[in-house]
Amino acid sequence: MGYPHPSHPRETVVLSKHFGDPGARTFDGWVQRGGYQAIRQALGMGRDALIELVKASGLRGRGGAGFPTGLKWSFMPKDDGKPHYLVCNADESEPGTFKDREIMRWTPHQLIEGCLIEAFAIGAERVYIFVRGEFTELFPILGRALEEAYANNAVGRNIFGSQTSVDIVVHRGAGAYICGEETALLNALEGKRGNPRIKPPFPAQAGAFGMPTTVNNVETLAAVPHIVLRGADWYKGLCLGSPKSTGTKLFSVCGHVQRPGNYELTMGFPMKDLIFDLAGGMRPGRTLKAVIPGGSSVPILTAGEVEGTLLDYESIAEKGSMLGSGGMIVMDDSTDMVKTIWRYVKFYAHESCAQCTQCREGTAWTAKILERILAGQGREGDLQLLLDLAENMTGKTICVLSDSCAAPVVSGIRKFRHEFEAYISRSRAPALAAV
Amino acid sequence: MSQDLVTVTIDGMPVGVPKGTTLIEAAKHAGVLVPHYCYHPSLPSPAVCRMCLVEVEKQPKLVPACVTPVADGQVVHVNSPKAKAARQGVLEFLLINHPLDCPICDQAGECELQDYTFQEGRAGTRYAEYAKRFNPVEDFGPDILYVANRCILCTRCVRFMDSVAGTPVLNVSERGDRATIGIAEQERLDHPWAGNVVDLCPVGSLLSKDFLHKARAWDLDKAASVCPGCTQGCNVTIDTRDDVVVRLRPRANLEVNRHFMCDEGRRDYRWMNRGDRLEAPLVRDGDRLVAADWDAALDRLAALLRETAGRPAVLLASGRMGTESLGLVRRLLADRPVTAAVKVPLGEEAPLPGVPGLALRRERVPNLRGAELVGVADPWEAALGALGGAGLVVVLDAPLDEGEARRLAASGAPVAWLGTVEHEAARGAALVLPVATMAEETGTFVNRDDRVQRYQQAKGAPGMARPAWWVAGEVLAGPGPDADAPQTGAQAFLRLAELLPAFAGLTHASLGFTGQVLRPAAAGVGA
């Protein structure tokens, strides 16, 4: 639902059914609302059957990459005698994204139950929920929920009287965007500097503390209990577009819309309807200019490209962007694209972990060039320089932070070149003080 | 063997390398150096500098050669336009905030940033209008300065302290382009092996205070040598400028010291530049020592040996003397009972945890084992005790303290003093012969693991000083121009190899630059 707005009739409310309902936060309240049925059912199913179920459902990672979840689980070695770990990536830091926050705020037990099911499926006896450091409000909520879950034997030794034991630890990050990258998250979890690791080895081979680990996003995990209860066919049936994108997805809509918020939609829902119908469209007298559909790391779409685009992995990819995290940033015609892109680039320059040369130096340099253009000191050749730097920053580093910084620059220059040129030719007044 | 080899083609050159080899090492076999900064063969690879990106056919993205293992049939392009463009991009990024203060930088001339930029970097900058990042120079430790402005964040120093020294005091502080190398609060970079970070640093960011502004790299002469500091026998390079030793640096020997040496060894070179050297042979004339030419001095030594033939002799030697010198001087006394010893100063042992078998050893002389092998193997106390009944004492540059000098004087035996520096105790000698230090001759040391290692001459000997093996060789060959007397260190070693089974079959040439381990059967063989 579009919390804080009431649910819209065109939403498919599964994960967000209890958003805004404080009664759902307690263990008893969650059980009354049908909670902790799925885990009991899962414990009786067996591990392989569970993995097959999730594979069949078509569930894909909701953190941004969209990797098939069941396949990811199946990468975990079997009977290798090592401890396995499940790590829940709750370090939601992607600008424009605020869906995991609401899942944890209103339905912490939904997440806990998802964790338990997956832990059972991949043979993990320990789960780490890595929560973004700035989520101060969520920390006590998760803590209380976990306490109750332990008290009710939903978590801990022999959960619900079964042979399965699962411990869950909530770990609070120190507030770095890069720790949302799964291997940086693992380093941070181990108490090291949050630098992304070289892959291979992948976490399923050597993850947390060198042991086989699966890292899943909050929303992915929250969807699992529903799949267990209602079946793969039901989930697969939730599909309005490409059959490769199934289920429901929370879209965090922000920016120049009248009703910003989280909207839970069936995959393949028309992007335009989300913006203009559910989110209330533009303010009076304004027209849509651009949309960043999947968090700040993905290429920008123009108003024209929004036309006919469906909210699923394939349709957005066809338009040259990505569904990403589903954090949708909507911009109307009052938006200064150069300034907007500069602000994103500045963010990435601030958050670069400083490992790879291209990212450490390239993000900061790109920000400086944009700053200079905005200050009315742009030069002919600056756009080519920006594109050159973006080329050097793309596909050459350990993680994709550098690529993410380059993406809005490249798509921005390609699609809104006249705005850059207006600053450079001095036909537009400077937007920043001289540097 | 062959089933473990995989074949890869690197820049058109097919090479067979063991499975698991990284592309960067495989490329070396093909004669191709992949430019790199963060990679170092003695450190774990983080693949962060992104300089070693190479193109591998059928792979969508460039791959870091330092962490990518070879796969059979791979076709790799190190110098394709795509790979070169990527490297040029990295170089440009590394240089935008680099101060380009090469004219005042110690690293200039041996700087990898300079070299690769010269090789394939852009001619001009596209970062003209901004102030460069500035951070003050930091004092990291007793001998180490950190110049943050030159740093390229390759993290070799951090990884050395973490995984090799086992003392993780360095870190990367801050993020993004604000990042610098930091040192833990209240900590100093004073580990006994910390100086290696200066060598590991590919740019002029970590500097040795001892070497600061002493010389330009291109003015240095370099000699492959062996550290004279302890029985470990780390391979080193002696750098001299105008015949003055200005620093010792480690030289790679994977069997002995990998790429490292300890700080004590690094500092231990000033004695090579001493000014109070013996520069001319002196022979006794009544109560005076008078200067003589070598012919007269050698005659005098031969006469002294004849006069004392058959009577017990004592040899007091320095463990810094090469095997050739110790061996041939010992041969001079072959016709009589001898108590022969080297003086072994002792110190604290300081291991380098990340390299098994590598430590600064307690015995602070390089050639204790070589001395044993040539028959200079008695305890030092025993040799001092034998002074009383000696008919002849030969001192081979032994660093005698005051008490030892008194005991030498009290013995009353005639003394043949072969020394490098002036010494009070030499005043009573029958003759004083100036000899070369290990830095001034070519010779060998045998380390604690029976590895015979060659050191090469790094500078000239002062005045008339000659290697001790030459002195002994001439006397052994007898008077007159005799072709048999060794004229080079290599010939002296051959002579030794003829006389001692331990060294049989070895030559200076066969020792190469990394030495050879003696056959186990050879151990314990005396003169």
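## Chain B at a glance

Of the 527 residues in chain B, 48% are buried (a residue is buried with 20 or more other C-beta atoms within 10 Å of its own, exposed with 12 or fewer, and partly exposed in between, the C-beta atoms being placed from the backbone). Keep in mind that this is a predicted model, where local features need pLDDT of at least 70, side-chain atom pairs count only at pLDDT 80 or more, and totals for chains, interfaces and linings use all residues. Residues are numbered from 1 along each chain as its sequence is written, while chains are lettered from A and ligands numbered from 1 in the order in which they are written.

Chain B has 14 helices and 25 strands (DSSP runs numbered from the N terminus, with helices being H or I of at least four residues and strands being E of at least two). The C-alpha trace of chain B spans about 85 × 55 × 40 Å along its principal axes. Looking at contacts in chain B with a separation of 6 or more, 63% are between residues 24 or more positions apart (contact is when two C-beta atoms, placed from the backbone, lie within 7 Å).

Ala128(B) sits in the loop between helix H3 (112–120) and strand E6 (138–141) of chain B. With 7 other C-beta atoms within 10 Å, Ala128(B) counts as exposed. From Ala128(B) to Asn257(B) is 129 residues in sequence and 44 Å in space, C-alpha to C-alpha.

E6(B) pairs with strand E7 (residues 144–146) of chain B in the antiparallel sense, over three bridges (strands pair if DSSP finds at least two bridges between them). Glu138(B) is in strand E6 of chain B and stands opposite Tyr146(B) in E7(B). Glu138(B) is partly exposed, since 15 other C-beta atoms lie within 10 Å. Setting aside neighbours within four places in sequence, Glu138(B) is in contact with Tyr146(B) and Ala148(B). Ala148(B) is ten residues along the chain from Glu138(B), and their C-alpha atoms are separated by 7.7 Å.

## The parallel sheet in chain A

Over in chain A there's an open sheet of four strands in the order E3-E2-E1-E4, with parallel pairing. Its edges are strand E3 (167–172) and strand E4 (213–217) of chain A, each of which pairs on one side only. From one strand to the next, the twist averages 20°.

Strand E1 (residues 84–90) of chain A pairs with E4(A) in the parallel sense over five bridges. In that pairing, Asn89(A) stands opposite Asn217(A) in E4(A). Helix H8 (residues 182–189) of chain A packs on the sheet and touches E1, strand E2 (124–131), E3 and E4 of chain A. The direction of H8(A) makes about 110° with that of E1(A).

## Two helices packing within chain A

Helix H3 (residues 47–57) and helix H6 (residues 108–122) of chain A pack at an angle of about 120°, with their axes 8 Å apart (axes are lines fitted to C-alpha atoms, for helices over the stretch in contact, and angles run from 0 to 180 degrees between N-to-C directions). That makes H3(A) oblique to H6(A), because angles under 35 degrees count as roughly parallel, over 145 as roughly antiparallel, 65 to 115 as roughly perpendicular and the rest as oblique. Their crossing is left-handed (the near helix is turned anticlockwise from the far one by less than a right angle; clockwise would be right-handed).

Who touches whom here? Arg47(A), Leu50(A) and Ile51(A) in H3(A) meet Ile117(A), Phe120(A) and Ala121(A) in H6(A). The residues of this contact split into five nonpolar, no polar and one charged (Ala, Val, Leu, Ile, Met, Phe, Trp, Tyr, Cys and Pro count as nonpolar, Asp, Glu, Lys and Arg as charged, and the others, Gly among them, as polar).

## Where the chains meet

Chain A puts 26 residues in contact with 25 residues of chain B. On the chain A side, the elements giving two or more residues are helix H14 (337–351), H15 and helix H16 (382–393). H15(A) gives the most, with ten residues. By type, the chain A side divides into nine nonpolar, ten polar and seven charged.

Helix H15 (residues 357–374) of chain A packs against helix H2 (residues 81–96) of chain B at about 60°, with the axes 9 Å apart. That angle makes H15(A) oblique to H2(B), and the crossing is left-handed. Thr357(A), Gln358(A), Glu361(A), Gly362(A) and Trp365(A) in H15(A) meet Gly89(B), Val90(B), Phe93(B), Leu94(B) and Ile96(B) in H2(B). The residues of this contact divide into five nonpolar, four polar and one charged.
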